[in-house]
Amino acid sequence: MEDRQNRPFGLRDKIGYLFGDFGNDFTFMFASTFLMVFYMKVLGIPGALVGTLFLAARVVDAFTDITMGRIVDVCRPGKDGRFKPWIRRMAGPVAIASFLMYQSSLAGASMTVKVVYMYVTYLLWGSICYTGINIPYGSMASAITDKPDERTALSTFRGIGANLAQLVIGVLGPVIIYTTDEGGAQVIRNDGAIFPVMAGVFSICAIICYIICYKCTTERVKIEKDPDAPKVTLAKTFATIFSSRAMLGIIGAALFLMLSQLLIGGLNNYLYADYFGDIKAFSSYTFINIMLSLVLAAFVGGITRRMGKKEAAVVATAFTGVVYLILFALKLSNPWIYMVSAAIGFLGVNFFNLVIWANITDVIDDAEVKNGKREDGTIYAVYSFARKVGQALAGGLSGYALQMIGYESAAKIQTPEVLNGLYTISTLVPALLFFCVTLMLLFVYPLGKKKVEENSAILRERRAAR
């Protein structure tokens, strides 16, 4: 592995990498927060069918994610690197595919047509186009720099990019999408015609962000292929990956993290609109949550240097679990007290989200130390698939849970029993899942501060010897 003779790593790379996830999350976060609402409240598709879609799509992703990771690893690098060309190629397709998912004009079609449309457009966006840009983008971090502190900085800036997208979507989305009818109930504006407009705007914003990412980042670390090295099959790669405690630990933590985080994100639409009857509090929650996260980003580097990424994340996720357990026990009825408490509690998850991408590069380094082979794309693809499984399970769990408690998407006002059930699944279930994240990091994931530093030193010695 050799360093390209380019400008040194700096703020330009961080800003560029930030905009990459900013672009990703204009479509991903919009889908995570509002796609189920669009399917159920605009198209009238039952929650169980929507949940089944999310689960079925992850079966497809098992093939498309790993295939994309393998393509990235084996393809000849271009003049701009191994990963950047895919950002250029896939920016347009992923934006167009996202826009196609939100066509409210199909609300009057038959259920068969709507379900077929839902499957085709969702798989086109998530399993093909989004995979085609997200796998190379995520893998690119280890090619921008090989220094642990600089990778942590990239991870932090990536997290800031995601927070900015969530700020735009989470604050503006509920205010624009929802309105109050004559009876005081929260309903979708213009019978859902607002959705394609917002999707189109966010798609354009995503393309602009991808262009900035492409222009500002530089791949410095180049993998030199050894012509005498034995060919590594995909089966052998998987055997190596899944025999790694580091990989299994971070996959487990990510799975529970996505499940809890997206479950909250999906149910908050219903919790604030139906239980609290105040969707504006949801926008305020998102704004406060993101502002706190952006402030936290300034301290992440210092905290991880002192404690280590794993050690700090254990404390952070346990804190969030405790806060949500307390919220469940209190059964709050004031949306503003709940909103402030939840935003403070979510600081723990936000911290982990700011460093988790650096954990992935640590896992990639650990695999290279053990088997002498670097496969950024394949390892990142496996991790990405695990996150998507969490996303699917969250969507499926949300849909099934809403149906289980008797939620009626066509009803403007829910029964007290449904509202109590909604509060419970929005607080107790996430609390338990956050504790699962903590346990995975504490007892399974082995890459603490000392081990990460040892791996980095070993790889530097190997590269110097070459």
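D191 is exposed, with a relative accessibility of 71%, where exposed denotes over 50% relative accessible area, buried under 20%, and partly exposed the range in between (1.4 Å probe, protein chains only). The structure is a predicted model, in which local features need pLDDT of at least 70 and side-chain atom pairs count only at pLDDT 80 or more, while totals for chains, interfaces and linings use all residues. Residues are numbered from 1 along each chain as its sequence is written, and side-chain values use heavy atoms, with hydrogens and water left out.

D191 is placed in the loop between β3 and α7; helices (H or I, at least four residues) and strands (E, at least two) are DSSP runs, numbered from the N terminus. Although D191 is not a glycine, its phi is positive, at about 55°. N190 belongs to the loop between β3 (186–188) and α7 (194–216), and this residue, also not a glycine, has a positive phi of about 55°. Most residues other than glycine have a negative phi. N190 counts as exposed because its relative accessibility is 55%.

The protein chain contains 16 helices and four strands. Its radius of gyration is 22 Å, close to the 23 Å that the globule rule gives for 466 residues, so the chain is as compact as a globular protein of that length. Here the radius of gyration is taken over C-alpha atoms, and the globule rule is 2.2 Å times the number of residues to the power 0.38. Along the principal axes, the C-alpha atoms of the protein chain fill a box of roughly 75 × 45 × 40 Å. Of the 466 residues of the chain, 60% count as buried.

The expected span of a helix is 1.5 Å times one less than its number of residues. Buried positions in α11 include K309, K310, A312, A313, V314 and Y324. G321, which lies in helix α11, is likewise buried, at 0% relative accessibility. The C-alpha atoms of G321 and G348 are 8.7 Å apart in space, and the two residues are 27 residues apart in sequence. F319 is also found in helix α11, but counts as partly exposed because its relative accessibility is 37%. From F319 to Y272, the C-alpha to C-alpha distance is 23 Å, with a sequence separation of 47 residues. Just after α11, K331 takes a positive phi of about 50°. Helix α6, with 30 residues, reaches 42 Å from its first C-alpha to its last, close to the expected 44 Å. Of the 30 residues of α6, 23 are buried, and the helix is thus mostly covered.

Four cavities of 30 Å³ or more are found in a search of the whole structure. On a 1 Å grid over the protein atoms alone, a cavity is a set of points where a 1.4 Å probe fits but cannot get out, and lining residues have an atom within 4 Å of a point. Grid points are joined across faces, edges and corners, and a volume is the space filled by probe spheres set on the points. The largest cavity has a volume of about 590 Å³. The elements contributing two or more residues to its lining are α1 (11–42), α4 (111–139), α6 (148–177), α9 (245–275), α10 (279–307), α13 (347–371) and α14. A total of 38 residues line the largest cavity, and D25, F28, M29, Q261 and L262 lie nearest its centre. The lining comprises 15 nonpolar, 17 polar and six charged residues, with Ala, Val, Leu, Ile, Met, Phe, Trp, Tyr, Cys and Pro counted as nonpolar, Asp, Glu, Lys and Arg as charged, and the others, Gly among them, as polar.

The structure holds zero disulfides, a disulfide being a pair of cysteine sulfur atoms within 2.5 Å. For C75, the closest cysteine sulfur is that of C129, at 17 Å, which is too far for a bond. C75 is partly exposed at 34% relative accessibility, and C436 is partly exposed with a relative accessible area of 26%.

A411 occupies the loop between α14 (376–404) and α15 (416–443). With a relative accessible area of 29%, A411 is partly exposed. The C-alpha atoms of A411 and K41 are separated by 9.8 Å, although the residues are 370 residues apart along the chain.

Terms used:
On a 1 Å grid over the protein atoms alone, a cavity is a set of points where a 1.4 Å probe fits but cannot get out, and a pocket is an open set with protein on both sides within 12 Å along at least five of seven lines; lining residues have an atom within 4 Å of a point.
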